[in-house]
Amino acid sequence: MQIAMIGLGRMGANMAERLLQHGHEVYGYDKNPDAIRALVEKGAGGADDLRELAGRLRPPRTFWLMVPAGAPVDETIQSLLAVAQKGDVFVDGGNSYYKDSLRRGKELKSSGIDYVDCGTSGGIWGLAEGYSLMVGGDKAVVDRLRPLFEALAPAADKGWGHVGPSGAGHFVKMVHNGIEYGLMEAYAEGFEVLQHKEAFSLNLDQVAEIWRYGSVVRSWLLDLIAEGLEENPKLGGIAPYVVDSGEGRWTLAEAVDLDVPAPVIAISLMERLRSRDADSFSDRLLAMMRNKFGGHAIKKEG
């Protein structure tokens with residue numbers, strides 16, 4: 001099956017390579033010419049611009065976008081519309097906000113273009129292990145693209161599915177990432193408690209390895225924790241600064257709109273935001289208040 005991959009960052013390039021491994025005909029485009037050359041070396045076709053990319057595919061054509069969420073997706077879609085034909089399919093495999101996907105689906109339908117939103121999980125391991133794919137869009141279109149999803153997933157019948165109409169794929173991926181925030185925070189807090197129990201001199205790498213087998217908290221995240229602690233037991237050189245790409249915020253906002261309590265996801269998001277404040281005014285204010293009402297000592301800087 002033919003497919004054009006637009007956006008050859010690490011994940012997009014890995015997805016393209018996995019499709020090649022499963023016998024699909026892949027053409028790639030990226031603003032970085034080096035990324036195109038790297039993919040061509042693996043057996044794909046390349047293009048210098050979107051018009052050339054479109055010309056290398058037989059209609060109806062499938063354009064798979066792996067570009068950053070927000071304006072870059074809209075800009076890429078607008079550029080593609082200049083070269084697309086009715087019946088072509090745009091697949092957004094990035095982390096777009098589901099309400100943007102709803103809007104794009106409606107707008108593209110009026111142009112005769114089919115839109116599929118595909119929430120994608122798997123990160124840098126997807127090339128070897130396969131990707132988890134949460135697919136939204138018209139069922140007939142998704143069925144037509146089934147060979148692509150089956151090739152990208154861990155198995156033809158595992159790790160992917162058509163979850164609903166346009167917007168549903170990115171909605172499910174959004175909540176998936178909200179859950180991920182909570183899991184990561186729980187692991188981080190638990191290991192910090194272990195690390196602070198100095199009387200036992202615990203080997204955190206050993207504990208992680210024990211928990212990986214038979215434990216009710218075993219998971220892929222724990223596998224990664226064990227690997228990371230083995231490589232860097234004290235986490236030296238890693239700044240205590242945790243970014244977020246938006247999905248946790250969107251999940252929490254949706255929970256509020258739906259009157260669904262989500263305290264763990266809320267707290268985990270707040271902790272990520274807190275990690276970025278190296279000079280916390282609120283912490284200084286707390287110390288000042290304790291001194292004012294209770295005469296508690298204030299720790300001086302420097």
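Trainee: How do the axes of H10 and H11 sit, in distance and crossing angle?
Mentor: In this predicted model, the axes of helix H10 (residues 204-211) and helix H11 (residues 220-231) come within 9 Å and cross at roughly 155°. Angles over 145 degrees count as roughly antiparallel, so H10 and H11 are roughly antiparallel to each other.

Trainee: Left-handed or right-handed crossing?
Mentor: Left-handed, as H10 passes H11.

Trainee: Okay, which residues in H10 and H11 meet?
Mentor: On the H10 side you've got Leu204, Asp205, Ala208, Glu209 and Trp211. They meet Leu222, Ala226, Leu229 and Glu230 in H11.

Trainee: And by class, what does that contact of H10 with H11 have?
Mentor: Six nonpolar residues and three charged ones, with no polar residues.

Trainee: Switching to burial: which residues in H10 are buried?
Mentor: Leu204, Asp205, Val207 and Ala208. Those four cover an arc of only 160° around the axis, so they end up on the same side of H10.

Trainee: What covers the buried residues of H10?
Mentor: Helix H9 (168-196) and H11 are among the elements that do.

Trainee: Zooming out, how many helices and strands are in the chain?
Mentor: The chain has 14 helices and eight strands. Its C-alpha atoms fill a box of roughly 75 × 40 × 35 Å, taken along the principal axes.

Trainee: What percentage of the 302 residues count as buried?
Mentor: That's 41%.

Trainee: And what share of the contacts with a separation of 6 or more comes from residues 24 or more positions apart?
Mentor: Those pairs account for 64% of such contacts in the chain.

How values were computed. Residues numbered from 1 in each chain as written. Predicted model: local features only at pLDDT ≥ 70, side-chain atom pairs only at ≥ 80, totals over all residues. Heavy atoms only, no water. Axes fitted to C-alpha atoms, helices over the stretch in contact; angles between N-to-C directions. Helix = DSSP H or I, 4+ residues; strand = E, 2+ residues; numbered from the N terminus. Parallel < 35°, antiparallel > 145°, perpendicular 65-115°, else oblique. Left-handed = near helix turned anticlockwise from the far one by under 90°. Contact = heavy atoms within 4.5 Å. Nonpolar A, V, L, I, M, F, W, Y, C, P; charged D, E, K, R; others polar. Buried < 20%, exposed > 50% of the residue type's maximum accessible area, 1.4 Å probe, protein only. Arc of directions from axis to C-beta.
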